[in-house]
Structure formats: C-alpha cells, structure tokens
Amino acid sequence: MESFEKPVLHKLTVFKKQFYGFLFAVPFLAIFALFFIYPFFSGIAVSFTNRKGEWVGFQNYYNILFNKDFVYQSDFLRGLGNTLLFVAISVPLLIVIPLFIAILLDIKPAGYKFFRALLFMPTVFSISAVVLMWKRVLEVETGFVDAALKAMGMSQIDFLGSQPWAWISLFVVTVWWTMGTNIVILGAGLKNIDKTVYEAAAIDGASYLKTVFTITLPLLAGQIVVVLIMTILASFNIYGQPLLLTAGGPERTTQVALMVIVSNLFDRPYVAASMALLLGLIMIAISLIQAAFARRRND
Amino acid sequence: MKLKKFWLSLAAVAMAAAMSLSLVACGEGGGEEPEKGGENPGQTVTGSVSLKLWTPVTGADLTVFNRMITRFNQAYEGQIHVDHQSNVRDTHYNNLKNNIPNNGPDIAIIHSQLVKNYAEKEYIVPIDDSFFTKETIDPNGYQQNVMSTLKTEDGVLGFPLDVHPIVLYYNKSIVGDNPLPKNFTELMTLAQKLTNSSQGVWGLPISTLWPTEFTYTTALYQEGGEEIDTATSQPKFNSDAGAAAAEHLRDIIYKYKVSPENLGTDADLQLFTTGKAAFHIQGCWQLSSLMEIFGDDLGVMSLSGMLTDKTDAASKYVMARSHVFCVAKTKRALSQRKKEAIVTFIKWMGENSAEWSTAGQIPAFNAARESDTFKNAPYVSLYGDPANFRTAASATYFESGYETVFQYVTTIMKSADSDIRGELTKAEEEAKRAVSTEMYG
C-alpha cells in the first residue's frame, strides 16, 4: 500500500511545486490571451465574414485582389505598391547610412560621444513631434527651406505636395528619425571585432578601405542581418510619416498599405482584417526568405 | 502548513481570474446609472437620470460648449446629469462606430451630412413620438435648411444645434479704406491691389488642401451646381457649374496671382495670422482664436456671392455644416425617463443656443437668433443671412458620392494648366465606385 501511495504523493508534491511557478505566470497569460491571442484569431475569423457577420470564405481576399467594382481593391494594391517602394528604397538607406556613421564613430574622432548622442536623439522623439519639426522645415511659404531658397533667388519647391519630392522628404525624415537604433546595433558589433585582426592587416599593408570591405563588413555580417530583418519589418509598417507629413498625397502616391487598412477599419473591419493578413503574409514570407539566406550563409 | 500555503495560492489564482473577468466585464457595462421607477406608473421616481454625450467639439468652442453643459446640469440638478466627452472629429466618429451599441453614448453630435448614413447603419435611432411624452420639440422652430434633411417617416433623426458656414475674414489694417468687394471680380481686383509679393503680403492666400471642402462646395453652389443626386447618392458635381467652381479656385492662384502656389493645410491661416494676408477664407469656428490674435483689426464678411460673378439666388449660397443632436442606438434599456431626459436636454440646448454664438456659431433654433445675446455677439451678424447657409444634400451615401472630389480639386489647384473636366470625370468615376463599395462592399 505504502509503495503505491509514495509515487502519488511525489507527483502531488511535484505538481504543487510546478503550480507555484505557473501561478506567477497567470497574470501574464491572462493579459497575453486577452490582448494578443484572442485579437489575433478573432482577426483571422473576421476576415472570412461579411458585414452581416456571415461566413463568406475567401470572398474578401478575392475582392481585395481582383474585384475592380470596389474602391478598396485599387486602394490596397496602390497602397501595397507604395509600401514596397518605400521598403525598397528606405531599407538600403537605413543600412548603408548607419553603417557608415557607425564605422566613423568607431574610429573615435574628437567629440564622437557628442555626435553619437546627437544622432541617436531623434529616435526617442514621437512621430508627431518629428513631423511637426519637419513641416516647419519643408512647408511651402512658411517653411525654413522655402525661405532659404527664396533668399538665394531660387524657385519654390513643393516638398510635401509634389513628386518626387514627397517621397524624398519621407525618406529623409525616416532616415533622420530611425537610424539611431541601427547605429547603436552596428556600433556594438564593431566593438566586438578583435582589433588584432586590423593590426595584422595593417602589418600586411592593407589600406583602410580594404580592411573595411575584407574585415569589418564580413565580421559584422551577423549584426547586419539582424538590422536588415528589423528594418524591413519596420519599413513594411510605415504609417505615421506619410499620414502626418503628406497625408498620402499628392494624388495618393504616398498612401501606404497601413493607411488603406486603417481607412477601412471602422466601416469594413472584415476587409481591413483581410488586408492586414495579406500584408502579414507578405512580411512573413520575406522574413523566411531572409532567414533561409542567413542559414545558408552560416552553413 | 504547506497545504495551507497551497490553498492560499489557489485562492490568489481564483482572485486573479476574477479580476481578469471583471476587466472584461468593465468593457461591456457602460456604467449605466440605475434608475428607480419611471417604467411603472405610480412608483416613486427618485435619482438623477445620467446621460452620456459624445461630441466632436474641440478648441475654443469647447469652452463655451462645456459652459452650456455645466449650466444645464445646474438647472436640472438632482434630475438629469449630462456627462460630456469630446474628441477630435476622426476619433469621435471612430469611437461611435466602435462602441455603438455596446458602450456608446446616449446622445451624440453628428454632422448633418452624415446623419442619414448613420441612421442607415443603425448607429442612431429616430426620435419618434415615444420620446415626447413629457415635453415636445417643434421641428418647425429650427432652421429649415438643415431640419428638412433630418425628417423621416418615423420621426426626426436629430435636432440641429447650429449651422457653421465659412466666412471671409480680413485684416483691417491691410484692407484699409478700400471698399469691400461684392463679387468674385471685385474680390480679385482688391486682392491683387493688396498683394505685395516682394514683401510677402498676399491678397487671398488659399490652401490647396483645406478648407477646399468648404470653398469648392460654396463655389459649386454659387455657380448653380449640386453635389449629388439625393435619391441615388450618385455624383452630380461633374457639370459646367462644377468645372467653373474649380476654375475660380485655380484662378485665385494662377490667373490673379493673389495666393502663393501649393499652400498646405493651415499655411494660409498662418499667413493671415502673421499679418501677411489681406483676406482669408476659413470656418466661423475659427472666430474666437482670430479675435484673440487681431483684436479690433479683425474684419469679417459673408462669402455670399463672393466666389462667382453671377447674381441669381443661388449665387448667395454659402456652404455650411451643422452639429446635430442624435440619439445613439444602445443595448442598454432606453427607459421612458431617459427618453424624456434626452428631449429635455436637446430642447434646453436649442433654447439656450444663443450662448453658442459667442463661439462664433449660428444657432439653428430660430428663437435663439432673435435673442439679444445673439444680436450682440461680436461678428456673427456679419456672416450673412442664415437663410443662405446651405447644408449638405440629404443622401444616405453623401460622403462616398461627393467627398471623393476634393482630392481632385487639389490636383486642379496645383497646376495652372490642369485638365479640369478630366479630373472631375476621374472624381466622378471614383465616387460611383465608392457608393457601390459602401452599398455592397
């Protein structure tokens, strides 16, 4: 009898011990389930329904991609195209410029700590503050640049209301605002490179530029991949800059996918959910491809 | 001891679960104050009826509006209490769509052009005879231009608080002794005279973005055009009148050169407030802040007949919007006491809306416009004849059928040689698809 009871008691003791651990996780699990798991699956379910809540299968996805009778079809495809354009141009800029600055800062020139803080500072600003500042710089007639152009006798440039200037403005603002994080990550990677490798290269007579391409960049590949994935995902989520700076204009050429999704959110949540899932699928696919490339490179 | 600790922990988990559930439940309730009696005749009625009011009133207007709410709550202390929540326009409407009928308000202010659409989508309910068991409100006591768009077979969809048109502000120190203009040509002539681009002073700076909605629509009305077909919500702006209206706005910038090109939202307002503009087209809701900036230098005049050279009756129209009190659909019980309280509140706000004119708004309640408070309110009598304030055509899909045009008007205003009819045709096609999307999408 005793030999039968002992394992049961032991199991109860183990359960009690595990239970205490589980207890600490309960508040997190409750919040996580309520605000992450439930909305995620609820969003997926909504994307398969219509305005009456009836099940319509993949009809919303078909409408978004192919049904030209509805405004949101062209809106979404245009928005997706604009988002891809933004990703294609902003991501290289957000890798190359921070990398260049991080390498310069790694040389530790005079006042490098001041410049490092200065370059990181915009990252902590909210997008509203950033846009307010840049509007004061770029706006026609009341902006600083416009006044400078006038003073030099040059003609006016509508930075926020004409192309390609609206896109250029968005890239400049985005790089200025977000490059700080990438500088910090790449800078940390540079610090971890063994300096003796550079010394050996110097003894072998390698130029500075050659050491950058043959030593720095290969040894920094891990950080660059991390920054690349983070930047691509962040760039796909572009929203605040075009919303507040150009309002999607001129002629909706800077209206990105998230703006289209939000514009449908309250009137057609089933369409917005389908669009969000489509965008999410694209982002997952790109991340998987990147991860596969990174794995192959490591192998 | 260990077992006791175990049960204590179990109790803690149960409490955590209960708290999580109560968190969820908080989102469902809406905090309805219990009402005693009212439903059953003969039962003693006690306690105050609590009304939740959501509005898009912000800025300087909010001070005056809150003052009116406070006065109402004082007048009906112990009987009715109005709990007011205001948000900027987009947030206000998103909140309504997101919260009705579960956690929405009892009363909401909705702009007149949206009321029919909100009724169609069942965000609001008609104010029918069942509301008027204690007090009545006569719809004929309100400005008919807007009231007529709110009537249905089941009653009325709401009662308007005000009409708010756009007006023509001017800087008296720049305009000086020059006679004020009476039509588009005179306005342009004077604006040209006052423009001194070398000193950065402009006659009539005009944004290509905002308030294009008001300026284009006013020009459209004055040219004799219409926004949409009220029965079908299909666009009607792609007409000779619509093209002439767009041409006038473009001419201000490129033909008469009294405005800089490509002005963004509020850049024209900024030029005006910094003394670099003689005239400025803006909503009457801006009056309070402009009075603070300019003092006695501020001039105000009606836009009636100012965006056309025509002289017919239509040329006097000025576009206006209206804040309308509507009853939100709710899952909570809409008791008879609450219905009566809603009527009492809406009626009181109408009867006391002369105070609203101190915020620069025109009361929609006719008697309020006859009061001394209204007549003595600064500038509002200069907005023009309220009979000429034309609110949006009454149609279920007004926004989809018409508002698409504004971005195309922006395109027209951005180039001296823009293809006006081409842009309006594109706008019309998109508007038709927008109506179709709203009906079937």
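Q: What makes two strands count as a pair in this predicted model?
A: At least two DSSP bridges must join them. Strand E8 (residues 162–171) and E9 of chain B have five bridges, in the antiparallel sense, so they meet the cut-off of at least two. Within this pairing, B:Leu168 has B:Ile281 of E9(B) as its bridge partner.

Q: Why is strand E9 (residues 279–283) of chain B called largely enclosed?
A: Four of its five residues are buried, so the rest of the structure largely encloses E9(B). Buried here means 20 or more other C-beta atoms within 10 Å.

Q: Why is strand E1 (residues 49–55) of chain B described in the same way, as largely enclosed by the rest of the structure?
A: Six of the seven residues of E1(B) are buried, so that description holds.

Q: How do you know that E1(B) pairs with E2(B)?
A: Seven bridges link E1(B) to strand E2 (residues 80–86), in the parallel sense. The cut-off is at least two, so this is a pair. In E2(B), B:His84 stands opposite B:Leu53.

Q: What makes E1(B) and E3(B) a pair?
A: Two bridges join E1(B) and strand E3 (residues 107–111), again in the parallel sense. At least two are needed, so the pairing counts. B:Leu53 stands opposite B:Ile107 in E3(B).

Q: Why does B:Asn262 count as buried?
A: B:Asn262 has 26 C-beta neighbours inside 10 Å. The cut-off for buried is 20 or more, so the label follows. B:Asn262 sits in the loop between helix H9 (240–254) and H10 of chain B. Its phi is positive, about 60°, although it is not a glycine.

Q: Why is B:Asp266 called partly exposed?
A: B:Asp266 has 18 other C-beta atoms within 10 Å. Buried needs 20 or more and exposed needs 12 or fewer, so this value falls in between. B:Asp266 also lies in the loop between H9 and H10 of chain B. Its phi is positive too, about 70°, and it is not a glycine.

Q: What makes B:Cys326 stand out in the largest nonpolar core?
A: That core has 148 residues, and B:Cys326 and B:Phe345 have the most contacts inside it. The core draws at least three residues from each of domain 1 and domain 2 of chain B. Beyond residues up to four places away in sequence, B:Cys326 touches B:Ala108, B:Ile110, B:Val115, B:Tyr118, B:Ile124, B:Leu157 and B:Gly158. A second, separate core has eleven residues, including A:Leu170 and A:Trp177.

Q: How do you know that domain 1 and domain 2 of chain B touch?
A: Seven residues from domain 1 and seven from domain 2 make the contact. Contact requires C-beta atoms within 7 Å, so these residues meet that limit. On the domain 1 side, three are nonpolar, three polar and one charged. The domain centres, taken over C-alpha atoms, are 30 Å apart.

Note on methods
Residues are numbered from 1 along each chain as its sequence is written. Chains are lettered from A and ligands numbered from 1 in the order in which they are written. This is a predicted model: local features need pLDDT of at least 70, side-chain atom pairs count only at pLDDT 80 or more; totals for chains, interfaces and linings use all residues. Domain bounds come from an automatic or database domain assignment. Two residues are in contact if their C-beta atoms, placed from the backbone, lie within 7 Å. Ala, Val, Leu, Ile, Met, Phe, Trp, Tyr, Cys and Pro count as nonpolar, Asp, Glu, Lys and Arg as charged, and the others, Gly among them, as polar. A nonpolar core is a set of buried Ala, Val, Leu, Ile, Met, Phe, Trp, Tyr and Cys residues joined through C-beta atoms within 7 Å.
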